[in-house]
Amino acid sequence: MTTTILLIAGAVVAGAAFRALYAGALIRESARKRRLGPDGVVIGGETFVLSRPGAPALLLIHGAGDTPQTVRYLGEALHANGFHIEAPLLPGHGRSIQDFAHFDADDLTNAVVAAYESLRSRHEWTAVIGLSMGGALAVQLAATHHELPALGLVAPYLGMHEEIARATATARVWGLLFPFVKSGEGVSVRDPEERKKNLAYGVFTPAALRALRDTMRRAVAALPQVVAPTLVIQSRDDNRISVADAERAFALLGARDKRFEWTTGAAHVITVDYGRDHVFALLIAFMRARAPAGA
């Protein structure tokens, strides 16, 4: 009995030591790649606003593990075409890697609703564009805010690979040893220059995986309640969302005015990858066609 207790105690101590060493290595690696500013936010990944007082407004929502940096080019293109732009940094994102373990799906949803309602209180016409998980959050928003005049879903995260779903379901177990894990879904930005600029964590925590899964599930359930005119843009070469999942989600979308556009050559984050100018042109034309005449 004493021997068994000693073995268990030794295993617990060894596991804790391994966990600390593993976590420490990833934290140091993240700190080398992602410099934080005095406010604790990664430099270049802050919330940004491109102002046009009185103009039609667009809320841009970034994806899981990423920052508003991934929608900066898109924001600049839309701003140049007459729109006021706001792109908030989501809870748990763009900070230290430890912060990525302390948020859930409710935190994300509440942050997006608050950002939208604040923007709408200042601009008569306010629409939303969401990238990846930001697209799933935008779907939830649209399902409960039927006044939304237009919705852009860019590579929306409305499906999850089976291996990621299994990893999420067992996260409370493996998370005891591995507080952070690297994604196994391949490269999300094919353009090597843009990949270097990316400010994503590069890892997921158990909490972040659960938040992503819960956000995705809620969005899929909410799709039939969306009535806003909707444009969906997806790459056929997306490493995170399959063609089948994308088409299934589009079929569930309740909007009568809905349109699907495929692109190729880019991976998942199509707002910074190859062919992004075509993505921007589609979104600009879609939003301008639905914004107030003469705006």
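**Figure 1. Ala 285 in helix α10.** Ala 285 is partly exposed, with a relative accessible area of 46% (buried means under 20%, exposed over 50% and partly exposed in between, with a 1.4 Å probe and protein chains only). This residue lies in helix α10, residues 276-290 (helices are DSSP runs of H or I of at least four residues, strands are runs of E of at least two, and both are numbered from the N terminus). The model is predicted: local features need pLDDT of at least 70, side-chain atom pairs count only at pLDDT 80 or more, and totals for chains, interfaces and linings use all residues. Residues are numbered from 1 along each chain as its sequence is written, and side-chain values use heavy atoms, with hydrogens and water left out.

Figure 2. Ala 105, Leu 108, Thr 109, Val 112, Ala 115, Tyr 116 and Leu 119 of α3 are buried. They cover an arc of only 135 degrees around the axis, and therefore lie on the same side of α3 (the arc is that of the directions from the helix axis to the C-beta atoms). Asn 110 and Ser 121, on the other side of α3, are exposed. The cover over the buried residues of α3 includes β2 (57-61), β3 (84-87), β4 (126-131), α4 (133-144) and α8 (206-222).

**Figure 3. The start of α3.** A side-chain oxygen of Asp 104 reaches to within 3.1 Å of the backbone nitrogen of Asp 106.

**Figure 4. The largest nonpolar core.** This core has 51 residues, of which Ile 61, Val 128 and Leu 151 touch the most other members (a nonpolar core is a set of buried Ala, Val, Leu, Ile, Met, Phe, Trp, Tyr and Cys residues joined through side-chain atoms within 4.5 Å). At least two residues of this core come from each of β2, α3, α4, β5 (151-154), α8 and α9 (243-252). Helix α4 supplies the largest share, eight residues.

**Figure 5. Surroundings of Ile 61.** Not counting residues up to four places away in sequence, Ile 61 touches Leu 90, Val 112, Val 128, Ile 129, Gly 130, Leu 131, Gly 134, Leu 137 and Ala 138 (contact means heavy atoms within 4.5 Å).

Conventions: Polar contact = N/O pair within 3.5 Å; in protein donor to acceptor, adjacent residues only side chain to side chain.
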